[in-house]
Each structure stands twice: as C-alpha cells, then as structure tokens.
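Please open the model in a viewer and keep the selection tool at hand.

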Amino acid sequence: MTETLGSPVGRKRPDSQLGELHLRGVSRAYGAHTALNPLDLTVKGGEFIALLGPSGCGKTTALNCLAGLLPLTEGEIVLDGRRVDTLPPEKRGFGMVFQNYALFPHMTVRANVAFGLRMRGVGKAEARRRVDEVLRLVRLTEQAHKHPGQLSGGQQQRVAIARAIVMEPPLVLMDEPLSNLDAALRLQMRSEIRRIHQEFGLTTLYVTHDQEEALSLADRLVVLRAGRVSQIGTPAELYERPADPHVAAFMGYRNLLPLTIASADAAGAVAEGRDLRLHGTPVGARPLSPGDEVVVAVRPEDLRLAEAHEQAVTEAVAEIVEYHGRVLHVEAVTRAGDRLYLKTGRQVRPGDTVTVAVAPERALVFRAPDEEGTP
Ligand code: ATP
C-alpha cells in the first residue's frame, strides 16, 4: 500500500478513509425489550460523532451493532455502498477502543501496537514504520519498550488508541474510553483524542454519557433516550435549540419549570404558574394555546438578577451561594418552593431576596411531555 506521510496535521489516508457510512433503520431488541428503535444516521468521512445519553439508553447497543458484536434485529449498515452488517467484526475492520484498555500485559507497548499488523501479515519494515508513526502521534515513543503495567492510565488508553488506529480503520468506535481516568487526566485525554482524530484523518463514533465530553469533542451529537433518538445536531444546534426538555436538561438547561400558557401568539408565549410569570420562545411545530401545560427551560447563565426597568419573573430567597471567580452560582427558592439556579456577577449573600429576569429568547417553552415522554 502506498501512502503519503506529508504534514502531520490533517493527514489523509485515501486508501482506507471512509466516504460515507449509512445506518438505515438499525434496531435491536432483547426478547420483548427494544433496546434500540430504528436509528437512521449518515456519517461522513472525517466526522467525529458522539452518541450521548443516560445509562441504559442504548448507546452501547448501537455501537456493538456497528462493530458486529451484536446482530441487528432490523435495518442495514452500508459502508461506501457496501453492506457490512452481514459481515463478522473482523471483516468490517473497524477500530475499537473500550474503557478497559484490554492490552496484552506481557507485551511491550510496541508489541501491543504491532500485534494486529503482524496478524494481518504486514511486512516487518512496513509494520515498524507504521508503529513508529502512530506511537509518535499518541506521544508514546519514549514508552515503546515498557509493559502496560508500567504506564499511567492515560498512557495505557493511548496505547489502546494507537493499537486501533495503526490498522488504519475506516471507522474508529470508542465506548466511554475515558471513564476509568481521573478528572484531570480525562480532560487532558479529551483534547488528545480530538487531536489524534484530526491529525490522523479518522472518522470516529464515540459513546459517552458526559455531555461536556460530547460537546467538546464531536462535530455532531446523536442524543438517545430510552432507545430512541431525541435529536441529531451540531453542538451549537443542540445548545441553542434543544428539541425537547430532556435534551435541554442534557445541554445544561438546569431550570426546567412546569408552567401553564397564559397567552401565545407568533411573537412568543407567556407562561405562568406558582409564583412565576415569564415571556418565552415556543419550541416545536404545534402552536401553543392558553391553558396548555408546558416546561420552560432556562440556563443558569441566562437567569439573572433583574435590572430596575426589567419585568421580573419572580422573587426568590438565595439559599446557596458558590464563589466561582467573577461569577457567583446561586440557588434560590421561590415562595412556592421552586428552586432556581442562576449565575450573577453581582454580590448576593445567602438569605438575600433576589428578583430574577430572563430574556424571552433565552426561555424555551416546550409542550409538557406526556407519560411516554413525547412532547
Ligand atoms: P450504559 O451507559 O449504562 O452502558 P447504554 O446506553 O450503553 O448504557 P445499553 O447497554 O445499550 O445502554 O442497553 C440498552 C438497554 O438494553 C438497557 O435497558 C439494557 O438493560 C438492555 N440490555 C442491554 N444488553 C442486554 C442483554 N444482553 N439482554 C437484555 N437486555 C439488555
């Protein structure tokens, strides 16, 4: 195989790089329990996709279906025009990185990384060149002679990544690869993974329950809930316009206020209830009418102390005040007992009564989900 090494940044591997991967109606049931409802997704070469959702939502099921570790109940997976869901895992040739690194403890780092190439019968010189390059990329050249037991958790995870990408797979699947690392290392490895993805020109599908991780890593996110896609979009799309209150909660809209519509028109909606009254922006196709039950989602950074001229949402008593440098994080409780989360640069002490406001475009008004969770 001929390759151009070229510049290390944005290096492309035309021989193995994925063009397009299509998941069409991919679903999986365990007996009567549907773990994954039909999932449709197109992944373009070079994309970093995060599958995000709470425990049990079907992330690992989706990833294992892709990897070939789990047969589909229905649907198909097509890689560059070729159906692959009927192939066994080794024929799909996807790279896999899991949370338990599954390294061979008796082999050196170099031997671990070279193992797959040896199995595939790649010549010695070629294998050495590829292993060297990948070790350089994951910054482990100095550790190449060591055994996994002599490495830190982050280094071991980088060996696992190196072992996957040295095979130059069309797609790399990662299942919560950072969950065994401590918080500081997780942050460091997060940017390492993004850098490696870019420098090696990978296409990556990454499973996580950590929205911050997903938002910081991925070009696009697939948010799953109870085996169903809630929303697919870029971080900015999900952040600015979550499709439902569950996605909103995942995206840091900590204030989810159950209210009732007082009035609604094309310009916006007025929602009220308990001690609160606010102007918000309806989200969703169906227009709202007075009396409709809604959930209003507001991020703490958008709920602020009202200026004198502003229309207030409510009054509340500050209960917990946390110092975070220039801003304070405040938890305040209304007379009716609702807890509000806000951030402010002004001085607030526990026990102070605060008057809070929100800009209408920052208060998203969702129709209240029914018992099945459908808005
Ligand atoms: P986690 O983050 O906890 O790993 P997940 O989002 O990856 O969760 P899955 O492991 O895909 O979730 O599981 C989805 C659903 O399918 C869950 O309700 C789970 O209990 C169920 N499930 C998973 N594996 C099996 C199995 N082998 N047999 C029966 N049910 C299963």
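A polar contact, as the term is used here, is a pair of N or O atoms within 3.5 Å. The model shown is a predicted one.

**First stop: the ligand**

Select the ligand and then Y30. A nitrogen atom of the ligand lies 3.4 Å from an N or O atom in the side chain of Y30. Next, select G56, where a polar backbone atom is 2.7 Å from an oxygen atom of the ligand. Then select T60: here an N or O atom of the side chain is 2.7 Å from an oxygen atom of the ligand. Taken alone, the ligand exposes 630 Å², and the protein buries 56% of that.

Now extend the selection to the residues around the ligand, which are Y30, H33, A35, P54, S55, G56, C57, G58, K59, T60 and T61. How do the residues of this shell divide into nonpolar, polar and charged? Four are nonpolar, six are polar and one is charged.

Colour strand 2 (33-44) and helix 1 (59-67), each of which supplies at least two residues of the shell. Helix 1 gives the most, with three residues.

**Second stop: two hairpins**

Select residues 255-265, strand 11, together with residues 268-273, strand 12; the two run antiparallel and are joined by five bridges. A hairpin of two residues connects strand 11 to strand 12. To find one of the bridges, select D265, whose partner in strand 12 is G268.

Continue to strand 13, residues 276-282, which pairs with strand 12 in the antiparallel sense over five bridges. Select A271 and look across to L278 in strand 13, which stands opposite. Which residue takes a positive phi in the hairpin of strand 12 and strand 13? R274 does, with a value near 50 degrees, and this hairpin has two residues between the strands.

While the strands are displayed, one may follow the side chains: in a regular strand they alternate between the two faces of the sheet.

Finally, select strand 16 (residues 314-324) and strand 19 (residues 353-357), an antiparallel pair joined by four bridges. Highlight E315 to see one of its pairings: the bridge partner in strand 19 is T355.

Methods:
Residues numbered from 1 in each chain as written. Predicted model: local features only at pLDDT ≥ 70, side-chain atom pairs only at ≥ 80, totals over all residues. Heavy atoms only, no water. Pairing = 2+ DSSP bridges. Near = heavy atom within 4 Å. Polar contact = N/O pair within 3.5 Å; in protein donor to acceptor, adjacent residues only side chain to side chain. Areas by Shrake-Rupley, 256 points an atom, 1.4 Å probe, with all protein chains shown as cover. Nonpolar A, V, L, I, M, F, W, Y, C, P; charged D, E, K, R; others polar.
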